Amino acid sequence: MFHRGPAGRRGSLPALSEAARGKRLLFLVAGPRGEVQPLVALSAGCNKAGFQVLVVTQSCHQGFFEDFGVGVADCDVVSELDEPMAPLVSVALPAGTDGPTDLEPGALRLMWDYAIDFQPDLIVTARPCSAASHAFARSLGVPVMEVVLQLMLPTATARSPLGERPGSPGCLRYWMWIRFRRELYRRLQGSQLPVLRSMLKATKGGDIGVWRTLEGNLLDTLQPVAPGPVAISPLVAALPCDRPAEFAESGPLGYVTVSRQEQLTKADDYFGCRSFLRAFVESEPDEPPIYIGFGPCTDGGPVHLTELAVGAAMHSNTRAAVLCGVAGLGWSALAHSAKDLQAYAEQRVVFVGSAPHEMLFPRCSVVVHHGGVGTSASAMRAGVPQLVLPTTPEQQLEAAQLVRLGVGLDLGPLDRCDPEVLARALRRVLADETMLKRCKELGDALQKEDGLKACIEYFDRFFADHVATGSWAAREKRRLQELQVLRSGVESGCLTWLGRVVCGRGRTDFRPRLP
């Protein structure tokens, strides 16, 4: 039942070609801790391989990057009281997103200042910094790559994050994907894009890189001039057959993670191996705890979520390591709860400010979480079953993937779950020998991959095959012309999009005709 798993394979880093050695990579990073972790590993690996690396991120992640020897600058805005102001705002879309999705104006300006000073040869990013990264890269005249942590390519072959009915025709699935992307773009229209336009209008490169239309947004994100590495295991997901042609050279390269040994030796307050957590896990080696963490989710508030976590552990008679998370789960939330719940928490539950996934998960029996891509990837690598309580459509996609792989269950929305339901699910997966075997097999296979090495080699080939040869510059020149055409035209209406989707032909090509 309890699978510790192998230590994982981290081979030697590749030797960079002459075209790539010493190039300056600027990482623009923000978001939930679990999704930042792959970029910590990637930036540290690139730095060791011979790239010059600077990371610009929130102050809460700064120590994490510094601990791995990466140059880092924080983009938090400082108030008149010299207290950092959170650069991120949680935005609740009707469609939903995982964690913070927006950057405040001050954070964007600081990112731009650092980009000017650093003069990168390549900007590397992931959500929610995609809009800023594309705009900055265009103004500086350099490539930008978005690291793909979750497949979000519109396709007629899979359900969209909006959750249309199973068996829906392909054209409807594709239409729902476009609707989801449109909702994300509209949020950018009301937040980052006006700020970026104002910031960059007077610069040498102008604001041509700031998206003015949905087509421009889809063109850059679905048909990028420089497609980013797909940091997902090919054992878990594959690119859809109707993907844009720009992704022909790309494919899942494997998960990029901070290794288990690195987490054991680092002193970072959030992801380092804290002594009290190790003591709790190792105090009863024959009874591995369950892990419960809801990350950025706050549904129901700290009291409800704490009682859900502790109650489920009590009803299933298991020990539990519980993540405090954004909601603030912890002892104080149980102040007015039932005495038996308080007593159980005191004896058999530990609350942690954050969790070193690669170290902790292999020592757990089950991982209960909200469906974040970083958490689910680490749990799959650990070889343990997962119970997912998604609150957003993106998290529902992740839950559906785990169910499809046979390594977890989707328990439905977090706000509809109660301790008894969660406890029954815990007992079910712990008794499911088929699922436990499948988890172990997948975990062993994932541990043999070296996604970090594959991603560094991907960057190296890009500099050698596309930058040094002038191929990227030629494609970028054409892209600027395409964006100019889109800016000067009228944005497509609903009927135009419907016709495009229903006809099917060329619906993955968003490039306009050039005069």
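A crossing of two helices is left-handed if the near helix is turned anticlockwise from the far one by less than a right angle, and right-handed if clockwise. Keep that in mind for the first stop. The model is predicted, so local features need pLDDT of at least 70 and side-chain atom pairs count only at pLDDT 80 or more, while totals for chains, interfaces and linings use all residues. Residues are numbered from 1 along each chain as its sequence is written, and side-chain values use heavy atoms, leaving out hydrogens and water.

**Stop 1: two helices**

Select residues 105-118, helix α3, and 192-200, helix α6; helices here are DSSP runs of H or I with at least four residues, and strands are E runs of at least two, numbered from the N terminus. Their axes lie 10 Å apart at an angle of about 45 degrees, using lines fitted to C-alpha atoms over the stretch in contact, with angles from 0 to 180 degrees between N-to-C directions. The pair is therefore oblique, and the crossing of α3 and α6 is right-handed.

Now show side chains: Pro105, Leu108, Arg109 and Trp112 of α3 meet Gln192, Val195, Leu196, Met199 and Leu200 of α6 (contact means heavy atoms within 4.5 Å).

**Stop 2: the sheet**

Next, display the open sheet of 5 parallel strands, ordered β3-β2-β1-β8-β9. The twist averages 20 degrees from one strand to the next.

Zoom in on β1 (24-28) and β2 (52-57), parallel strands joined by 5 bridges; pairing requires at least two DSSP bridges. Finish by picking Leu28, which stands opposite Val56 in β2.

Methods
Parallel < 35°, antiparallel > 145°, perpendicular 65-115°, else oblique.
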